[in-house]
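Subject: Structure handover

Hi,

Here is the structure you will be working with. Please open it beside this email and follow along.

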Amino acid sequence: MSELSVQLYSVRDQFAEDPGAVLARLAEMGFKHVEPYGVLENVATLRTGLSGNGLTAPTAHARLIGADQAAVFAAAAELGIDVVIDPYVGDEHWQNAGDIGATADALNAAAKLAAEHGVRVGYHNHWWELRSRLDGRSAFEVFADQLDPELVLEVDTYWATAGGENAPELLRRLGDRVHAIHVKDGGLETDATGQVPAGQGQVPVADVLAAAPQALRVVEFDQYAGDIFEGISASRAFVLGLEP
């Protein structure tokens with residue numbers, strides 16, 4: 001079975017109030033891995049909270065472009081994080097080849113610095129990288145072709161679907177460059193409303209998982225109208241039920 005993680009952004013409100021309790025509860029649910037956000041801001045909490053609950057963080061989100069990258073990578077190395085993923089480059093940077101190339105160049109440069117700390121760099125998409133098209137291809141794939149081989153991708157399959165892409169086909173085209181996928185479901189609203197546990201919405205989650213068997217599965221909700229821990233548990237159960 002592929003490994004399963006959970007993005008802590010899903011429980012950001014609870015984590016802000018009592019991070020230790022949140023990490024303990026996720027561990028009790030059976031998670032062995034989490035995907036933190038804000039590596040620098042949360043390094044002290046994660047330093048004790050991960051090991052204290054038998055958790056590891058193979059991936060994490062942190063803004064890299066325009067940030068103090070050396071500090072981010074040093075913190076990631078201390079926490080045992082293998083891949084630091086830039087989670088967001090705004091819509092306006094994906095409309096033409098020059099801007100897309102500039103983003104690729106910036107992350108390629110970041111990856112060289114990350115390597116000095118024994119860390120790798122990745123990128124996570126929203127819907128706009130797939131909605132924007134250049135010569136019939138998504139801006140996301142144009143971007144991926146310009147990344148150095150050591151960079152990886154975390155494909156958010158909900159946002160890819162919301163951007164008009166067939167997520168399983170996208171994953172197959174990107175192949176081994178896909179290091180992780182966000183497992184998320186819902187009605188495909190771009191304001192993140194209407195998200196539901198995996199298998200209950202419009203994302204073809206089973207096909208998504210089959211298309212990227214090598215990828216780390218990361219359960220995530222941007223929003224959830226119900227009890228978020230129940231939602232996470234339902235998504236986890238669905239994913240585990242699909243895989244031997």
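Start with one definition: a residue is buried under 20% relative accessible area, exposed over 50% and partly exposed in between, using a 1.4 Å probe and protein chains only. Both W94 and F143 are buried by that rule.

Two notes on the source. This is a predicted model, where local features need pLDDT of at least 70, side-chain atom pairs count only at pLDDT 80 or more, and totals for chains, interfaces and linings use all residues. Residues are numbered from 1 along each chain as its sequence is written, and side-chain values use heavy atoms, with hydrogens and water left out.

**Aromatic pairs**

Rings of Phe, Tyr and Trp (its six-membered ring) pair if their centres lie within 6.5 Å; planes under 30 degrees apart count as stacked, over 60 as edge-to-face and the rest as tilted.

The whole structure holds eleven aromatic pairs. One of them joins Y88 and W128. Their ring centres are 5.4 Å apart and their planes stand at 85°, an edge-to-face pair. Y88 sits in the loop between β3 (83–86) and α5 (97–116), and W128 in helix α6 (residues 128–131). The two are 40 residues apart, so the pair links distant parts of the chain. Y88 is partly exposed at 36% relative accessible area. W128 is buried at 6%.

Now back to W94 and F143. Their ring centres are 5.0 Å apart and their planes meet at 80°, so this pair is edge-to-face. W94 lies in the loop between β3 and α5, and F143 in helix α7 (residues 139–144). The pair therefore ties together parts that are 49 residues apart in sequence.

Which residues form one aromatic cluster? They are Y88, W127, W128, Y158 and W159.

**Two helices side by side**

Look next at helix α3 (residues 43–52) and helix α4 (residues 69–79). Their axes come within 10 Å and cross at roughly 10°. Axes here are lines fitted to C-alpha atoms, for helices over the stretch in contact, and angles run from 0 to 180 degrees between N-to-C directions. That crossing makes α3 roughly parallel to α4. Angles under 35 degrees count as roughly parallel, over 145 as roughly antiparallel, 65 to 115 as roughly perpendicular and the rest as oblique.

Contact means heavy atoms within 4.5 Å. V43, L46, R47 and L50 make the contact from α3, and A75, E78 and L79 from α4. By class, that is five nonpolar, no polar and two charged residues. Nonpolar covers Ala, Val, Leu, Ile, Met, Phe, Trp, Tyr, Cys and Pro; charged covers Asp, Glu, Lys and Arg; the others, Gly among them, are polar.

S5 lies in strand β1 (residues 4–6). Is S5 buried or exposed? S5 is buried, with a relative accessible area of 0%. Its side chain reaches the backbone nitrogen of V34 at 3.4 Å. Leaving out residues up to four places away in sequence, S5 touches F31, H33, V34, E35, L216, R217, V218 and V219.

A62 is in the loop between β2 (59–61) and α4. A62 is buried too, at 7%. Beyond four places in sequence, A62 contacts V39, V72, V84, I85, D86 and P87.

Q14 belongs to helix α1 (residues 12–17). At 29% relative accessibility, Q14 is partly exposed. The C-alpha atoms of Q14 and A97 are separated by 40 Å.

**Positive phi**

Most residues other than glycine have a negative phi. D135 has a positive phi of about 50° although it is not a glycine. D135 lies in the loop between β5 (133–134) and β6 (137–138), and is exposed at 83%.

A192 also has a positive phi, of about 75°, and is not a glycine. A192 lies in the loop between β9 (185–186) and β10 (195–196). A192 is buried at 6%.

Best wishes

Definitions and conventions
Helices (H or I, at least four residues) and strands (E, at least two) are DSSP runs, numbered from the N terminus. A polar contact is a pair of N or O atoms within 3.5 Å; within protein, one must be able to donate a hydrogen and the other to accept it, and residues adjacent in sequence count only if both atoms are side-chain atoms.
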